[in-house]
Amino acid sequence: MATFPIALPVHPLQYERLLRRALEEDLGLAGDLTTNAVVPPGERLDGRIVARRPGCIAGLQVAARAFTLVDPEVKVSAVVADGALVEAGAVLANVAGPARAILTGERVALNVLGHLSGVATVTRGIV
């Protein structure tokens, strides 16, 4: 079986502009109307990011930054490392903080994590 090097951290300058643009596109001028209408201000949330399918994880650092760009008070703690092979249902990270911020950032975070993990999974299969 081939061995793979541990992924080095990616510098935020390499991905932060992409995240900001994605969040701006997602929120538009009005912000997250649904979350703001349903979730009371000050509400806190503890959540988990869970793998929907088996695969190779990539982009946890980038996904975490999507949350903290919305609100620096959001805390994301990885349970697995980039490069890990996981089964469907595996917990990848825990997220805690203001509920509105977590719900506002989740779509961008999950899209980026899903895309990067998909590329990593296919790449690993080819290697």
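Me: What makes the largest pocket a pocket, and what is its volume?
Reply: On a 1 Å grid over the protein atoms alone, a pocket is an open set of points with protein on both sides within 12 Å along at least five of seven lines, whereas in a cavity a 1.4 Å probe fits but cannot get out. The largest pocket has a volume of about 570 Å³, a volume being the space filled by probe spheres set on grid points that are joined across faces, edges and corners. This is a predicted model, in which local features need pLDDT of at least 70 and side-chain atom pairs count only at pLDDT 80 or more, while totals for chains, interfaces and linings use all residues. Residues are numbered from 1 along each chain as its sequence is written, and side-chain values use heavy atoms, with hydrogens and water left out.

Me: How do you know which residues line the largest pocket?
Reply: Lining residues have an atom within 4 Å of a point. There are 26 of them, and the closest to the centre are Val50, Ala51, Arg52, Leu110 and Gly114. Helix H4 gives the most to this lining, with eleven residues.

Me: Why are E1 and E5 said to pair?
Reply: Two strands pair if DSSP finds at least two bridges between them. E1 and E5 have seven bridges in the antiparallel sense, so they meet the definition. Arg44 stands opposite Pro98 in E5.

Me: Why are E1 and E3 called edge strands?
Reply: The open sheet has three strands in the order E1-E5-E3. Strand E1 (44-50) and strand E3 (75-78) each pair on one side only. Strands are DSSP runs (E, at least two residues), as helices are (H or I, at least four), numbered from the N terminus.

Me: What makes the largest nonpolar core a core?
Reply: A nonpolar core is a set of buried Ala, Val, Leu, Ile, Met, Phe, Trp, Tyr and Cys residues joined through side-chain atoms within 4.5 Å. Buried means under 20% relative accessible area (1.4 Å probe, protein chains only), exposed over 50%, and partly exposed in between. The largest such set has 23 residues, and Leu19, Ile49, Phe67, Leu92 and Leu113 have the most contacts inside it.
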